[in-house]
Amino acid sequence: MIDYYAHVAVLEQLRAQVPVAGGGAGPAELAQLQEFADAAAAEEGAALVGLFTDHVLTHASADGTEADLLERAGDLWKTGKDLYEGIGEVRQVVEKALQTPDEPDAADSFNQAMARMVVLLRKAKKLSAGVRQLRKDLRPLKHLPPHPRQAGLPLSDWGYGDVFLARRQDAFTRTVFSRAGGDTTARALAFGVLASYAGNVTGSAYLAQGVGGPRRSHRFRNRLARNAVGGWCARQYTVAKPRELADKLRPLVPASDDATPSAVAQVLAQALSETYDPALTPPLPDIDLGLRRTLRQLELYDVIRRPPLPRPVVASIAVRVHTTAGGGLPETYDDQGFEYPHSDQGAAPGTVDEVSGADTTGQAGDNGGGCPWWAYTIIGTVVFLMCLGISCIVGLVASGSCKEGVSDFFDGLSGDDEPEQPTSVTGDALIAVAASPAGPQIAQRLFEVHTGLWQAADEAFNYLALVGLVPPDDLLLTSPLHRQFLSLPVRELHPLREEPAAEKTYAFDPVTAHENPPTRPSPYPPGADPSVFVEGAAPEQALNLLLQILRGEQRSENLDADADRGYRHRCWTTDPYGSVHDDPVPVQVLAYHET
């Protein structure tokens, strides 16, 4: 299953290729194809509902773990963003006061800014508890549960999203088109369903070749690959931002207190009921719940974004920072004789070892040092920097030295007490501080705190992407972790079996034996980027199927939309007494009418 951005890229490519459709389409058929493409353009929300049907059904039948984790991450991100912007505003006020200390309100502005620093520190300390709990809950990767086929569950116990991807999507697509008639909204929905099916069949094969196997057996690695390919598509094809996609969906998504199923939910539910055997499948989920979760996921993708870099210290002060740094004032806190906390008990936050769930720093209540364990987490580092920044500034104002302030305020970091508000300065004192070497150093310390906050946000975003909760941004796409999925490797034996400790190794290519019988992952050449399916295979498959539908032909098969056994493999199951863990896997291809 491909992600939202890749889905949208496929839809846009499909619409663009309709006028030049092959397959022997005559003028009348081209006109019919264009009518459906035009409907999708006119009713974008309906087209997106059809396009995201796989995600909607997956969310609708999920236990809500991923939705809850993402919601909590979004709330924490908003708080962190307020903190980051607050420090930026403090810096602006302080630098202005240091530039023009003789202004009548300069001292008051300076004092208010420093008082606000203490308030922001309290906010950071409260934020740390939420970050700690979120990281703890993310570590087991429970938001990516085992695939039911891999777990050996009967079809009736699968989530409906997994059923949808593994069974009868060709038939479902035909059913949706048969019910569309001349209604523009229904036609847009059908066109989206068509693009979704073609994108999944061809795109999942691309993912499987990059990952080393299908989502079923490599769920953690598949999520990384899915998000990387989607991020690449968002950049390559200038796909609408998540907020824009959410805005297009929102009019079709009912409120949570609306008991009446939405119109699009009713259309999808009817088509699903006609396509899948209810005696073999789980009950239909609440499709509107899936729509709300899909909408919310897109909204939160827009919230959780890496912030812009902090602006440098204003030029007139920055020059003095460099000229005074060697004149008896320290360039770093280490020069004060103060030691940063260190730990040799685990990997740094955001590394693969951190995700593995192995014992690392931050699992126990206290690390044995002077600081509580959260001082080693992302937000704990921020609190540490803010404490140092405030205490250093107090020392600079009082005596021109960081060391005195650091000594006085260190207890505020290691205990429960909050640092007191720094001593207020008078107008004359501010003028003296601004003229002394301490003035530019105050601005520099605030810049360091601001930069520390950015680094914390950077680490947090990287971590959320590493565990698959958010897609990577353009910066992360350049990293080896995500770049490995954007150029296909050679796969002579496929699919590779599940890694025994995948939660520890999913960042790396699998080293397991292949399943028998081996299959062909895809026809895509080594080194191919995602455009090979976005611009080529997916639109071609979609147009061929739509032409069959318009002609009343039945020459297509139900293809596994997860490419579970390779490119364009038909929907399948194991024999009644077999398992995917058998060697060879007892593959039993399903007839077109079979669920």
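This is a predicted model: local features need pLDDT of at least 70, side-chain atom pairs count only at pLDDT 80 or more; totals for chains, interfaces and linings use all residues.

Reader: How many salt bridges does a search of the whole structure find?

Author: Residues are numbered from 1 along each chain as its sequence is written, and side-chain values use heavy atoms, leaving out hydrogens and water. A salt bridge here is a side-chain nitrogen of Lys or Arg within 4 Å of a carboxyl oxygen of Asp or Glu. Searching the whole structure for such pairs gives 31.

Reader: Which helix holds both Glu12 and Arg15?

Author: Their side chains meet in a salt bridge, 3.4 Å from N to O. Helices are DSSP runs (H or I, at least four residues), numbered from the N terminus. Glu12 and Arg15 sit three residues apart, about one turn, in helix H1 (residues 4–17).

Reader: Is Arg216 buried or exposed?

Author: Arg216 forms a salt bridge with Glu515, with the closest N and O atoms 3.0 Å apart. Buried means under 20% relative accessible area, exposed over 50%, and partly exposed in between (1.4 Å probe, protein chains only). At a relative accessible area of 2%, Arg216 is buried.

Reader: Which residues do salt bridges that share partners join into one network?

Author: Glu515, the partner of Arg216, is also buried, at 2% relative accessibility. Through shared partners, salt bridges make one network of Arg149, Arg216, Glu515, Asp560, Asp564 and Arg565.

Note on methods:
Helices (H or I, at least four residues) and strands (E, at least two) are DSSP runs, numbered from the N terminus.
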